Amino acid sequence: MAETLALLIGPSYPEDLPTYCGPLQGVANDLQLMKDMLCENGFQSENIKVLEGLLASRESILASLEELSAKAQKGSVVVVYYSGHGCSFDAEKAGYFDEGLISGDLTKEMVDEYHILDTCITGEHFKPHLSKLINKGALVNVIFDCCFSGRIYRGYPDTKHNNTGIKQLAFSDEYISEYRKALEARGKPTKKTQPGSAAARAKHQMRLPPFEEMQPAYPARARKAQHHGVSEFWTPVLKSEGWSPQQSDNFVFMGACATNERAYEFKDPETGEAHGVFTSALVAAIKESPPEQRLSYNMLKSLVRRKLADNNQQCQTPQFEGGNMDLILFSFDKAPPPPKSYKVKDIHVKEGFTSRITLDAGFLQGVVEGVYDIYDTRLTIENKMADFHVATVDVRHENIHATESTAEMEFGYMYECKIKAGHKACLTQLGSMYYPVCIIATDVEDQYIGDVKLAMESQQMFSIREQDTPECVKLDVLTIEGQRCWRAIYYGKMIVPDQRTRDGHLMIKNLCKYFRVKFGIRLREPDNNMLRNVSLKMFKVENVPPYKSDMDRKTLLKAQAVKTKEIYEGKPENYVPTFQAHRVEVAPHTFNRLKYQVDDSSGDGVVFQITNNGHLPVHICLVSYQSDGSILVLYPTANRGISGVLNPGDSISEIRRVFIQPETVRLMGEPNVELTRPDGCNDIIVLYATNAEVDYQPLFQTPLELSPYLSTRGIDTPDGLRLDTVARFREALESEPVNRDILDGDVKWITLKREIRVLYHPQQTFEPIVYPKKEKEKD
């Protein structure tokens, strides 16, 4: 059996330190948890060195790392664990960026005299020891339970839980300002005095991995190691040079949170003891794993993230990175690859409701959220003939359990359930677009309920639940202006406008549009086919003059804008710029209809610039996911959704006026008219770039519809655009080429996402729109 070695580090901090870097309550408990867990998983107690309290000084930590790397041999399994404060300096404020671990010899004098980094252990200090361990052929596990421990931004919102402390060391603007002065007085360069050009400094900055433009995958989605290279060990643009593992290295990093997140302690309600949120979840996930199931690092990642979700502790996002995430935990053995298919265990069919299919596998066997094709028992790995296809179902995240999963489909009206026990389910697309709906309809005619069910079935995006559960869309009925109306509630919030009960098809169509927007802005997971050299920049033009009929002025406005500072430059990753919308007015239109007219020069404009910095042509399409529920193309507008070619070294730019209609925020932003109207809304801009021609037209849709029979209605514009099928919508999202046969190799792609906030014009009016030509229809 391979030799096991562990170094557990848990400093204590003096009581007289400021609150933000003072004592932590759970460090000693974390160390004991980790030691017990390691001993239960093959580590000998005598090979586990613990540096606790004041023993965890900077000198002793570095000496112990040297001792550990010297003692390890080929085949050793090594764990380096840290629980304590993490330190981060912001590049914009401090003049450079750096982060690391804070040892136990931090004193109040060091804080007061701006010598705080003298006790910080950064990637520069870990680099020689990690390199030595990897070169020897050891399996290295690095586990950090501290703030700023991760490498990649993740974007989960804070949630309420019983935190007792924050494991951070983040400084106020005043402290950093004084710190810069102290550095300059000592003759150390800061951002203002750093020698060399920006280009020269950029050459020495660590390269960002493809994650920088991507949203995170859903916690349980990735079932195997990503194909791209391992991310850098420390955050880029560092003052110190961290270690950069290679894809083939036997190295796994587990961090408590993303680079810009905090890690928390909490008090265990059962034991009353304080623990790090991450350490507690990690140990619990390992201990609760079924004895017969050999746990891989990929499985552990899913279990830890699920554990935090179950405990309502999603305020931090655990990070798992490494080139060999398919290894068995603390072992050089590889986990068997996930099966190509999963067996159908049981089918529950109830007339008029969803048919529920149970799979004899869960996330421990590799089941992930997504679309699955069901085939009969004649299917083999080599043979997937269309004749054997029985049905297509969706597996949602909340229906995937450890060793069992359920899939749902509505068969009640148009289809007969042909799935049988023993049939096989094969994953075809990641991510589910299937949403459960619970209909709570009192005193509603059966015909209207039937219309809603038929509309849901035809859209193939919904299943019907008999009981209302938190993840369900609740479709209930209330009386508005004397009329019975459908209302849609999702996680306690109204999400689309009310519709009369006899207009159930409009309610379902609005729900389809709502969830297509939400699904569309969840970007794809990165892989080894990422394009690297396509950029999207955005510029703000205030009080933009009219330009639509003057091409020279339009060209001049774009040229002037791209010379200004890009709106996201130097901003944090979650920055959302604000734009002032133009004022709009109702004006007569043809055929006795109305339309909105924009008041020129009353608001801002936005300029988009797309550049191909590579050496091969790329195909691009810029799409806007609007806050009114519409999805439309911004570039190229003339191709009706077909991507346009951008040659190597070329840039294109386009300008758009920013405006929102008075009823826009009542469509998706806040459809509940009893609540205060928001002052604006957010739009999402997405650039799709590939090395092949793609048709993105299946994405496009018109805005959600307000009921034409309620006083809250807007302009009565007919919806002439039919929603495309879910399958074609998903193909467009995944940039499926128009002609894959002409490609030489795989499809290369990148998806860049930007978000802007648009505020109503201060003089915008919101008077109800009156249609004398149309009387209100009675039920």
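Which residue in S30 is the bridge partner of Ser 535? In this predicted model, that partner is Thr 611.

## The three-stranded sheet

S26 and S30 belong to an open sheet of 3 strands, ordered S26-S30-S34, with antiparallel pairing. Strand S26 (534–541) and strand S34 (651–657) are the edge strands, each pairing on one side only. From one strand to the next, the twist averages 20°.

Helix H12 (residues 551–561) packs on this sheet and touches S26, S30 and S34. The direction of H12 makes about 110° with that of S34.

## Strand S35 and its partners

Strand S35 (residues 680–690) is largely enclosed by the rest of the structure, because 10 of its 11 residues are buried. Pairing of S35 with strand S31 (residues 618–625) is antiparallel and extends over 7 bridges. Within this pairing, Tyr 625 stands opposite Ile 684 of S35.

S35 also runs antiparallel to strand S36 (residues 749–759), to which it is joined by 11 bridges. Leu 687 has Leu 752 in S36 as its bridge partner. As a general principle, the strands of a sheet pair through backbone hydrogen bonds, in either a parallel or an antiparallel sense.

## Packing of H8 against H9

Helix H8 (residues 277–288) packs with helix H9 (residues 297–310) at an angle of about 120°, and the two axes are 9 Å apart.

On the H8 side, the contact comprises Val 277, Phe 278, Ala 281, Leu 282, Ala 284, Ala 285, Ile 286 and Glu 288. These residues meet Leu 300, Leu 303, Val 304, Lys 307 and Leu 308 in H9. By class, the contact contains 11 nonpolar and 2 charged residues, with no polar ones.

## Packing of H11 against H13

Helix H11 (residues 504–520) and helix H13 (residues 726–733) pack at an angle of about 25°, with an axis separation of 11 Å. Angles under 35 degrees count as roughly parallel, and this description therefore applies to H11 and H13. The crossing of these two helices is right-handed.

H11 contributes Arg 516, Phe 519 and Gly 520 to the contact, whereas H13 contributes Val 726, Phe 729, Arg 730 and Leu 733. The residues of this contact divide into 4 nonpolar, 1 polar and 2 charged.

## The position of Glu 457

Glu 457 is located in helix H10 (residues 446–459). Is this residue, Glu 457, buried or exposed? Glu 457 is buried, because its relative accessible area is 0%, and the threshold for burial is under 20%.

Glu 457 and Ile 508 are separated by 51 residues in sequence, while their C-alpha atoms are 10.0 Å apart in space.

Definitions and conventions. Residues are numbered from 1 along each chain as its sequence is written. This is a predicted model: local features need pLDDT of at least 70, side-chain atom pairs count only at pLDDT 80 or more; totals for chains, interfaces and linings use all residues. Side-chain values use heavy atoms; hydrogens and water are left out. Helices (H or I, at least four residues) and strands (E, at least two) are DSSP runs, numbered from the N terminus. Buried means under 20% relative accessible area, exposed over 50%, partly exposed in between (1.4 Å probe, protein chains only). Axes are lines fitted to C-alpha atoms, for helices over the stretch in contact, and angles run from 0 to 180 degrees between N-to-C directions. Angles under 35 degrees count as roughly parallel, over 145 as roughly antiparallel, 65 to 115 as roughly perpendicular and the rest as oblique. A crossing is left-handed if the near helix is turned anticlockwise from the far one by less than a right angle, and right-handed if clockwise. Contact means heavy atoms within 4.5 Å. Ala, Val, Leu, Ile, Met, Phe, Trp, Tyr, Cys and Pro count as nonpolar, Asp, Glu, Lys and Arg as charged, and the others, Gly among them, as polar. Two strands pair if DSSP finds at least two bridges between them.
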